[in-house]
Amino acid sequence: MMAMPKLLWSSVNEHEEIKQSEPKSWAAGLPAVTSSLRHILREAGPFRGARGLLEMNQAGGFDCPSCAWPDPDGGRSAAEFCENGAKALASEATRKLADAAFFASHSIADLAAQSDLWHDRQGRIASPMLLRPGATHYEAVPWSSAFEVIASQLKSLASPDEAVFYTSGRASNEAAFIYQLFARSYGTNNLPDCSNMCHESSGLAMKESIGVGKGTVTLDDFLEADTILCVGQNPGTNHPRMLGTLEDAVKKGAKIVSINPLKEAGLVGFVHPQHPVAALLGKATPLASQFIAVRVNGDLALFRGIAKVLLENESAHVDAGFIRDHTRHYTDYRALVAETPWPEITRMSGVGEDEIRALAATLLGGARKVITCWAMGLTQHRNSVATIREVVNVHLLLGAIGRPGAGLCPVRGHSNVQGDRTMGIFEKMPESFLAALDRECGISSPRAHGYETVAAIHAMHRGAAKVFFALGGNFLQASPDTDYTAAALRNCELTVHISTKLNRSHLVTGRTALILPCLGRSERDGEGKFVTCENSMGVVQLSRGVLAPASSGLLSEVEIIARLAEAVDGAASPVPWRWLAEDYDRIRNLIERVIPGFVNFNQRVSQPGGFYLPNPAKRRVWDTPGGKAGFSLAAMDVFQPSPGRLVLQTLRSHDQFNTTIYGMDDRYRGISNARRIILVNPEDLRERGIPPCSRVDIISIWGDERRTARSFTAIPYEMPRGSAAAYFPEANVLVPAGSQAEGSGTPTSKSIEIEINRS
Ligand SMILES: Nc1nc2c(c(=O)[nH]1)N[C@H]1C(S)=C(S)[C@@H](COP(=O)(O)OP(=O)(O)OC[C@H]3O[C@@H](n4cnc5c(=O)[nH]c(N)nc54)[C@H](O)[C@@H]3O)O[C@H]1N2
Ligand SMILES: Nc1nc2c(c(=O)[nH]1)N[C@H]1C(S)=C(S)[C@@H](COP(=O)(O)OP(=O)(O)OC[C@H]3O[C@@H](n4cnc5c(=O)[nH]c(N)nc54)[C@H](O)[C@@H]3O)O[C@H]1N2
Ligand SMILES: [Mo]
């Protein structure tokens, strides 16, 4: 058995004992199994829990409500889930109910005083709840009254653009399609979504460079790859099933390189939790063979450095045929790289020239089959689009795109965030989509672009938007600048959430507020109805719930939207809302007629494993203005805090799914019982005279603006000098709403300038 990590210190804080041990050197294994079972047994009980786990990610079962990592195309093991999925299922399949009596006994003020963890532990919302103007408590109302309240408010607006329709990436294709159809038939493109805060930069960068905003690899490519780069991503915590893929790749000879300011346990070693002997012995497969501790936001410089090494020996290192036949702007890029001096590259990346040369040599190994995976470490910075395009530049030099074993892999977060975008959840869908929607549905979609997430917050703030409607999610806690977003929501006439569980966005409301409780993905919807999702690799597959609904008061998301649309439209609607909701095959037939790639949708999605959506870049067909993949020519820069200040990134702990907090531990980083903490390089703490585990206030600086988060515990943690990390959503008060990525508008949640002072 492997030795347990050493306890570094522990300290009593707010009546709880915070502990820090050495970070783990491997992920998953038995602790993941026991943690999964603990959550499942506590919330769902043995029968409901086991039933759910056995159907999760099985062909014909339901799609895991957690991340978007794909399931194997072929044979699946009896248990295709991870600790994450088990926790998500436990949270959804809980037997507890937050019912009418619960809301009658807790005022909004009481509920707001409780923690996010407490909110999640209160169980499933059981029936529609209404908060009337000036009331202190939510009260139960029939569904019909709920729809009337919303319809009358929507009909009273001066313009449809005074309403905002937000989506979180868990919504199914069918729910998302009918939802955007409703918003557009009502008359607005105000369709912000969680993607605006997530992979928007990836979609835009790839669209500009290679003509498609989605990844170009499949799981099979991982088994052929020579090198896999994991950049700005923590798969052990956030995409645990990806570790199984990486383990298989390593066994086939691939080298994995982690590019991350933190040495995340999941990339050090992996014990497959579903291989009993390995799990019992804790026998870890080492994953990454190289760890590059890039400085926060140093990736553009790092990839420019790789390009510089490759271009030093152009004839040997660069795929000339690919560049000639498939790319534009190569000579300009080559000149730009030649002009970039090494000292600038090493200063901005924080990585030495030798290390960059060694990395380039790794990429040139084998048949140069390189896959680059990335997530929020690349997407949530001011220059994220330029950074991701620089990653693509390196792939173009190597011709490492559109051939087996090579390509780009933005690893999506929410289980259907990619599908929601395909379905038209976007404030600026292209004309081709809108024209098809109008033609097939008999509506006249507006053409003016709508609000993305941050623009929606500003609009609510200044009173230009008066109704906020959310299909899932937790807008208040997920958005930047919590106080500003709270004021924006409070400024609304009406806020409405289609939700499964209580969250803080239900407690910071417009004058009137509604919670519309829906079925979760694991639950049976009528007589075996199913929905569909698209995973991170463009596979569309069905998801059919198996568990009994948590309460008889729930409706499916599709049904809720259809009934609301009917209440708004009356009999005059060109769209037969109820008829569509009665049989989701009808919605899928409509999707087939509106969106390319869904030919024979109903029939193909009923086959085990579903089907791949077309992706021209995989075939080296470039849907760009020039018909070629384009090198980007961005100036190299890096986020540089003023002297004496630090750069803060906000990230996820092991016991959370975004704003849902399952527990208080961050097992792989060795931290227990704490969330209001800030991890800082030990030297930076020492220099400031801040002892480990002391209380600090964090002040973020954005132009003349200052934001403060009080009473965080400072914890020394290995990371490059000048950087710090704190958990999302506790640290969101520090993220300036005005600080957005260029082009994509994503809040810069990974580069925030801060000072820390002892409290
Ligand atoms: N358990 C769990 N699973 C999840 C989620 C969850 O909250 N919990 N959320 C889901 C969602 S919606 C998403 S989008 C994904 C998110 O998945 P991740 O992107 O893995 O999530 P983060 O915790 O934000 O981690 C960001 C990683 O990037 C690194 N990083 C930060 N800044 C930089 C940088 O400048 N350069 C580089 N190279 N690295 C950097 C951090 O050290 C950290 O390891 O996970 C999904 N899966
Ligand atoms: N500072 C900082 N902020 C961030 C990030 C960061 O890294 N740092 N990450 C960003 C990212 S990547 C993302 S994706 C966003 C996430 O933003 P959101 O998607 O808005 O947030 P979630 O926490 O995933 O939403 C959780 C809520 O969804 C509801 N829910 C759960 N299941 C269902 C369901 O089946 N149907 C419905 N209708 N509702 C359901 C529950 O009520 C639950 O409380 O946050 C972003 N915000
Ligand atoms: Mo995300």
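This is a predicted model: local features need pLDDT of at least 70, side-chain atom pairs count only at pLDDT 80 or more; totals for chains, interfaces and linings use all residues.
**Ground rules.** I number residues from 1 along each chain as its sequence is written, and I letter chains from A and number ligands from 1 in the order in which they are written.

**Ligand 1.** I looked up the shell of ligand 1 and found 31 residues around it, the closest being Asn84, Glu264, Asn297, Gln656 and Asn658; a residue is taken as near a molecule or strand if one of its heavy atoms lies within 4 Å of it. For polar contacts I used pairs of N or O atoms within 3.5 Å; within protein, one must be able to donate a hydrogen and the other to accept it, and residues adjacent in sequence count only if both atoms are side-chain atoms. The backbone of Asn297 places an N or O atom 2.6 Å from an oxygen atom of ligand 1, a polar backbone atom of Thr237 lies 3.1 Å from a nitrogen atom of the ligand, and a polar backbone atom of Gly377 lies 3.4 Å from an oxygen atom of the ligand. Taken alone, ligand 1 exposes 920 Å², of which the protein buries 99%; these areas come from the Shrake-Rupley method with a 1.4 Å probe, and for residues only the protein chains shown count as cover. Two or more residues of the shell come from each of α11 (235-238), α21 (376-379), β24 (646-651) and β25 (656-657), where helices (H or I, at least four residues) and strands (E, at least two) are DSSP runs numbered from the N terminus. I sorted the shell of ligand 1 by class and noted 11 nonpolar, 16 polar and four charged residues, with Ala, Val, Leu, Ile, Met, Phe, Trp, Tyr, Cys and Pro as nonpolar, Asp, Glu, Lys and Arg as charged, and the others, Gly among them, as polar.

**Ligand 2.** I then turned to ligand 2, which 31 residues surround, with Tyr166, Ser168, Ala478, Glu557 and Thr659 as the closest. An N or O atom in the side chain of Glu557 is 2.7 Å from a nitrogen atom of ligand 2, a polar side-chain atom of Thr500 is 3.2 Å from a nitrogen atom of the ligand, and a backbone N or O atom of Gly473 is 3.1 Å from an oxygen atom of the ligand. On its own, ligand 2 has 930 Å² of accessible area, and the protein covers 96% of that. The shell of ligand 2 has 11 nonpolar, 15 polar and five charged residues.

**Helix α30.** In α30 (residues 584-594) I found Tyr584, Ile587, Arg588, Leu590, Ile591 and Val594 buried; buried means under 20% relative accessible area, exposed over 50% and partly exposed in between (1.4 Å probe, protein chains only). Seen down the axis, the buried residues of α30 fall within an arc of 155 degrees, so they line one face of the helix, the arc being that of the directions from the helix axis to the C-beta atoms. Their cover includes α8 (173-186), α24 (431-441), β20 (531-534), α28 (557-569), α29 (577-582) and α31 (601-605). At the start of α30, a side-chain oxygen of Asp583 comes to within 3.0 Å of the backbone nitrogen of Asp585.

**Asp684.** I located Asp684 in helix α32 (residues 682-687), where Asp684 is buried at a relative accessible area of 4%. A polar atom of the Asp684 side chain lies 2.6 Å from the backbone nitrogen of Gly722. Leaving aside neighbours within four places in sequence, Asp684 is in contact (heavy atoms within 4.5 Å) with Leu646, Arg721, Gly722 and Ser723.

**Backbone checks.** Most residues other than glycine have a negative phi, and most peptide bonds are trans. Asp481, although not a glycine, has a positive phi of about 45 degrees; I placed Asp481 in the loop between α26 (475-478) and α27 (482-490). A cis peptide bond with omega about 5 degrees joins Phe728 and Pro729, and Pro729 lies in the loop between β31 (723-727) and β32 (752-758).

Conventions
Side-chain values use heavy atoms; hydrogens and water are left out.
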